[in-house]
Amino acid sequence: MMTLDEVVETFDLLGDWDQRYQYLVELGQKLPPLPEPARIEDNKVKGCMSQVWIEAYRDPEAPNAIRYHGDCDTTIIKGVLTLLIQLVDRRSVEQIEQLDVDEFFERLELHEHLSPNRHVGVYAIVELMKKQARELDAPA
């Protein structure tokens, strides 16, 4: 599990935006493939310019932990998606709900380098992640 402080520390070490951008691209390239059955409409992020899918599932080894996998068709958002997954993967629903997108943007200085349309998309990704976690937590 990664914390926002750890991500910020990594970004600070990278220095300029070109290095940070390259890091995001590399992160996205390392994202494990999304299982084909997960590419369904319920897992597709609405309100994002990119084609993004995210799926939450229970960790079989830790029933209170939520896991995620996802995919995206654009390199930069795929890198951001990878960071978001790292921040919430293996966390409880309560911890996932605490993810503050504004703080994420501000501390990583993404607001300066991503278009407003991309901001809307990232918010939509996080909202779907939280919604899926709540649904997994709901009584059957």
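Two residues are in contact when heavy atoms of theirs lie within 4.5 Å. Keep that in mind for the close-ups below, which come from a predicted model.

**View 1. Ser50 and the residues around it.** Let's start in the loop between helix H2 (17-30) and strand E1, where Ser50 lies. Is Ser50 buried or exposed? With a relative accessible area of 2%, Ser50 falls under the 20% limit, so it counts as buried. Setting aside neighbours within four places in sequence, Ser50 is in contact with Cys72, Asp73, Thr74, Ile77 and Arg118.

**View 2. The pairing of strands E1 and E2.** Here strand E1 (residues 52-59) runs antiparallel to E2, and 8 bridges join the two. To find one of these pairings, look for Ala56, whose bridge partner in E2 is Tyr68. A hairpin of 2 residues links E1 to E2. Strand E2 (residues 62-72) is largely enclosed by the rest of the structure, because 8 of its 11 residues are buried.

**View 3. Helix H5 and its buried face.** Which residues of helix H5 (residues 101-108) are buried? They are Val101, Phe104, Phe105 and Leu108. Viewed down the axis of H5, these buried residues fall within an arc of 95°, so they line one face of the helix. Among the elements covering them are helix H1 (4-14), H2, helix H3 (75-88) and helix H6 (116-137).

**View 4. The two ends of helix H5.** At the start of H5, a side-chain oxygen of Asp100 comes to within 2.9 Å of the backbone nitrogen of Asp102. After H5 comes Glu109, which has a positive phi, near 60°.

Key:
Residues are numbered from 1 along each chain as its sequence is written. This is a predicted model: local features need pLDDT of at least 70, side-chain atom pairs count only at pLDDT 80 or more; totals for chains, interfaces and linings use all residues. Side-chain values use heavy atoms; hydrogens and water are left out. Buried means under 20% relative accessible area, exposed over 50%, partly exposed in between (1.4 Å probe, protein chains only). Helices (H or I, at least four residues) and strands (E, at least two) are DSSP runs, numbered from the N terminus. Two strands pair if DSSP finds at least two bridges between them. The arc is that of the directions from the helix axis to the C-beta atoms. A polar contact is a pair of N or O atoms within 3.5 Å; within protein, one must be able to donate a hydrogen and the other to accept it, and residues adjacent in sequence count only if both atoms are side-chain atoms.
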